[in-house]
Amino acid sequence: MKRGRTGRIVSSILILLISLLILFPFLWILSSSFKKQVDIIASPPRIFSFAPVVTNYIRVFAEQNFPKYFMNSAVVGAVSVAASLLLGLPAAYSIARFRQQRLSVFILVARLMPGISFLMPWYIIFSRLKLMDTYVALILSHMLIVLPVVVWVMSSYFRSIPIEIDESAMVDGATRQRTLASLILPLSGPGIVTATTLSFIFSWNNFMFSQVLSMEKTRTLPIAVYNFVSYAEVDWGAVMAAAVAIMTPAIILTMIFQKYVVQGLTLGAVKG
Amino acid sequence: MAKTGFIDRHFQILAPLPAAIFVVVMIIFPVAYTLFLSFTNWNLTSGNPLQVVALRSYARVLAEPRFLAAFARTFLFTLLAVGAETVIGTALAVLLRRKFVGKGLVKLLLLLPLVAAPVAIGICWNLFYDPNIGLANHMLKLLGLGTLKWVYDAGTVIPSLAIVDIWQWTPMITLIVMAGLAGLSPEPFESAHVDGATEAQILWRVTLPMVLPTIFTAMVLRSIDGLKTFDIIYAMTGGGPGYASETLNIMAFKYSFEYFRMGQSSVVLVFLFLVVLLFSLGIIRLQRISER
Amino acid sequence: MKRKALVLLLVVLAAGLVGAQATEIRVLLANHPYGELLKAAIPEFEQATGIKVNVESLQESQLTTKLTTEFATSSSSVDVFMTRPLQEGKMFYKNGWYAPLAGFDFSDFPKNAMNAANFGTKSYLVPLVTEWEVLYYRKDLLKKAGIRPPTTFVELEAAAKKLNDPATGIVGFASRGKGAAAVTQMSSYVYNYGGLYLDNGKAVFDAKPSMDAIRYYGRMLANYGPQGSTSLSWENIMPLFQAGKVAMWTDASVFYGQIVDPAKSQIPADAVGIATFPAGPKTNTPYIVVSWGMAMAKQSKNKDAALKFLTWATSKDLAKRGMLANITMARSSVWSDPEILAKMNKDLVDSRAFAAKNGFPYDRPYMSAVGEARDRIGEVVIASINSAGAAADLDKKAKDMAAKVNELLEDTGEAGQ
């Protein structure tokens, strides 16, 4: 019992330390977003001694089309992740249960290719198909990043669920697809939540594909940050404010997603 | 026995089919295009139309000392960064396993480095690392230690970049391993407790071996992205000082959009793809061995 | 001013009515103060001509990536775009991506500026903004040390030595050392030593005059420059200057506004001085270049509308607005407009007058493969800085790099031009 107590204190201290380390650069970004540039680059560094301003945020929200960028990122992110779950979960289940290792690596291969190699070819295809500056092009390109993550993470997760569960359901007469939908998925809450969260984040942050495939109408948020990196000027404060403005919705949206995903799963379990 | 439907009988083909078709359709043209270009000498600065030159572009790229250096550097950076991320990430996941006050908040904090825009991270850390006015040296001086040149010196640039990568991506490994830990069945732990094992013994003999496959899963995913790391290197050093932080992906980008040597950059991309493929296959093999 | 704008727009409108249609054009701009000005003014153009303008603005290297991706795949929908004549001009021209501008009125642009816009007998882009090299310095620090602003390289070195004070963390001198980025700012040093990067299509930066300059540059930065100089470009040096850590800084003229802005700089505006670039042992011909121009895409399907936009965007009226917003425009007439001159910093205007009279219109080797050439020359600069200009093998390194640049010239068919 005594060992347990000191162990708990040590781990609490460690958790606190790690949290601070993670937070530290983020706190710097956050506080810089409220500083005038002269305070951001001051030497010696002004950690607390500055007069906060909101002009950076005003610049970010007023000058640029922030609501539009936010909508674009949100729509593309949500649809890419949803579509990837739709395609990826059955694939991951099949891979896990039928040990289709080579298939799993094949889907992963999509993620191995360096992003640059897609730029010109996709530009040719999408512009010929007149899909430039549409959600379709962006969603398809984001799915290529997100689908392998879903398949890879979930196939590993499904593998860790004992096969006896599947077998007992099938002995009772359930088909494989029913087993997956009503039995396995509800048990995979943590895995799905993680895969969904990471996938949404990857889509949200994607820069390269969005830059080439989008034009004025479908511009996404990460590109907006570069609006403040100019020819002869880097608007430090605005870049930080834009970064915070991008990070916050991402976190809120993932929180909503996680709740939604968990709810959806438990509903399936109750029905089945 | 209930009659089994069409889908059920052909499940192992039909279930992954949409995903597989999607992948094929999306990558077949880019793969063919890149491969084709690697056999040409397409160079926009010459103004000449491209010609197929078989392996000549390959020869020129391989003969370039900068290429071999970038090759080695890509490995160095990835081993350093991903190695540290795996160890620290797993340790964190184990640490955060128990229920404690504020666990939800900490899980949220873990997301922060992942959602930060690379350009903002790059600018923020560049300022932090500045040898003249940056906070990093300021803190070192306060502690009475000497100052470093961080990303501003060829000798220290790779580790300094690795630190940023570790800060940003360790949470991803933590989250995946945490999910894996949450999915473990409690029986082995209960029986270990009954047998009187200590916390440390349980950790090493029961927990870690059971979650090893998940750790490998996270490591494969992270290695793939790690070998291709682009955003923070580009935002922070652009491959410099000189070429000291130039990895294969950065070099391919430079060759494409600063030197406009499309043929040769495709060669670099082909090699990068092969490197990532072999590396991932290697780790997957290790994973299979670990599953005994 | 409003009336002139109205007249111009009426002319454009009249011309537009002749071939009137509801057209759309796609315009790509850079993240640049002039780009911002244009974006804000575009509604005026749209109202007057009925042409819808779809505008995107991108950071400069992303602009190049996007334009290249679109043009090289022959699937572009771009009509008008901002371009960097010295960085991509030759390559874009060679690939037939610029549309020739026949009949355009270039009379208001200095001959030097047109150097970068002309290929053969035709012009392919309209110069927009210029920049030249200046010496920014701290009036207060120089006064305290009893020094006058240096006018020669010898004086510059002596001043740097005197002002360099590790105890207070102030460096005597700063300039870009980050490889390719340094090449443009070092060019003036090379010219003033009587050297060049390229001469008649051959690399000559390994010859004695240029090497003397490169050695001087390396020595200055190693002895009196900030830590990590080989990794510093303007975006790193500017914060140092604004934080009060730099006594003298040579760079392009475009940064003045920011180092005197109290929201950005710790230095009060009256402590910041601009001096004409110091003279070298041979001459004083600092660079004065057209950093940005505007062009029409050859692949454009709306050439009439595009030309209208191009004419409007590069007009005298908008140039005047640019000058009043402290953007140093390329047109000659705005530099003799008394109303404008009254608003600009006198030292800045004087330094430009000097450069316009004596300066050299290139700040980098003017060739298609300039990106790679800059990296190669950058290697020599870095080697010089790392050894304070004294490395025994510096000449050999320069010779090797010159050979590489010559190779590039041969590969692109530009050797001996």
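**View 1. Contacts and overall build of chain B.** Of the contacts in chain B with a separation of 6 or more, 68% are accounted for by residues 24 or more positions apart, where two residues are in contact if their C-beta atoms, placed from the backbone, lie within 7 Å. The structure shown is a predicted model, in which local features need pLDDT of at least 70 and side-chain atom pairs count only at pLDDT 80 or more, whereas totals for chains, interfaces and linings use all residues. Residues are numbered from 1 along each chain as its sequence is written, while chains are lettered from A and ligands numbered from 1 in the order in which they are written. The secondary structure of chain B consists of 14 helices and zero strands; helices (H or I, at least four residues) and strands (E, at least two) are DSSP runs, numbered from the N terminus. The C-alpha trace of chain B spans about 75 × 75 × 30 Å along its principal axes, and 51% of the 292 residues of chain B count as buried. A residue is called buried if 20 or more other C-beta atoms lie within 10 Å of its own, exposed if 12 or fewer do, and partly exposed in between, with C-beta atoms placed from the backbone.

**View 2. The side of chain B that touches chain A.** Here 70 residues of chain B are in contact with 79 residues of chain A. Helix 3 of chain B (residues 17–38) contributes the largest share of the side of chain B that touches chain A, namely 11 residues. Sorted by class, this side of chain B holds 54 nonpolar, 12 polar and four charged residues, with Ala, Val, Leu, Ile, Met, Phe, Trp, Tyr, Cys and Pro counted as nonpolar, Asp, Glu, Lys and Arg as charged, and the others, Gly among them, as polar.

**View 3. The side of chain A that touches chain C.** In this view, 24 residues of chain A are in contact with 27 residues of chain C. Helix 2 (37–40), helix 6 (116–128) and helix 11 (208–213) of chain A each supply at least two residues of the side that touches chain C, and helix 6 of chain A gives the most, with six residues. That side of chain A is made up of 14 nonpolar, six polar and four charged residues.

**View 4. Strand 1 of chain C and its partners.** Strand 1 (residues 24–30) and strand 2 (residues 52–58) of chain C pair in the parallel sense over seven bridges, and two strands are said to pair if DSSP finds at least two bridges between them. Strand 1 of chain C is also joined by two bridges to strand 3 (residues 80–83) of chain C, again in parallel. Leu28(C) has Glu56(C) as its bridge partner in strand 2 of chain C, and Leu28(C) stands opposite Phe81(C) in strand 3 of chain C. Six of the seven residues of strand 1 of chain C are buried, so this strand is largely enclosed by the rest of the structure.

**View 5. Helix 2 of chain C and Leu38(C).** Strand 1, helix 2 (residues 33–49) and strand 2 of chain C make a right-handed β-α-β unit; a crossover is right-handed if, with the strands pointing away from the viewer, the path from the first strand over the helix to the second runs clockwise. Leu38(C) is found in helix 2 of chain C and is buried, with 26 other C-beta atoms within 10 Å. Leaving aside neighbours within four places in sequence, Leu38(C) is in contact with Leu29(C) and Ala313(C).

**View 6. Helix 8 and helix 16 of chain C.** The axes of helix 8 (residues 180–192) and helix 16 (residues 370–386) of chain C come within 7 Å and cross at roughly 80 degrees, which means that helix 8 of chain C is roughly perpendicular to helix 16 of chain C. Axes are lines fitted to C-alpha atoms, for helices over the stretch in contact, and angles run from 0 to 180 degrees between N-to-C directions; angles of 65 to 115 degrees count as roughly perpendicular, those under 35 as roughly parallel, those over 145 as roughly antiparallel and the rest as oblique. Ala180(C), Ala182(C), Val183(C) and Met186(C) in helix 8 of chain C meet Arg374(C), Asp375(C), Ile377(C), Gly378(C) and Val381(C) in helix 16 of chain C. Ile377(C) is buried, with 30 other C-beta atoms within 10 Å.
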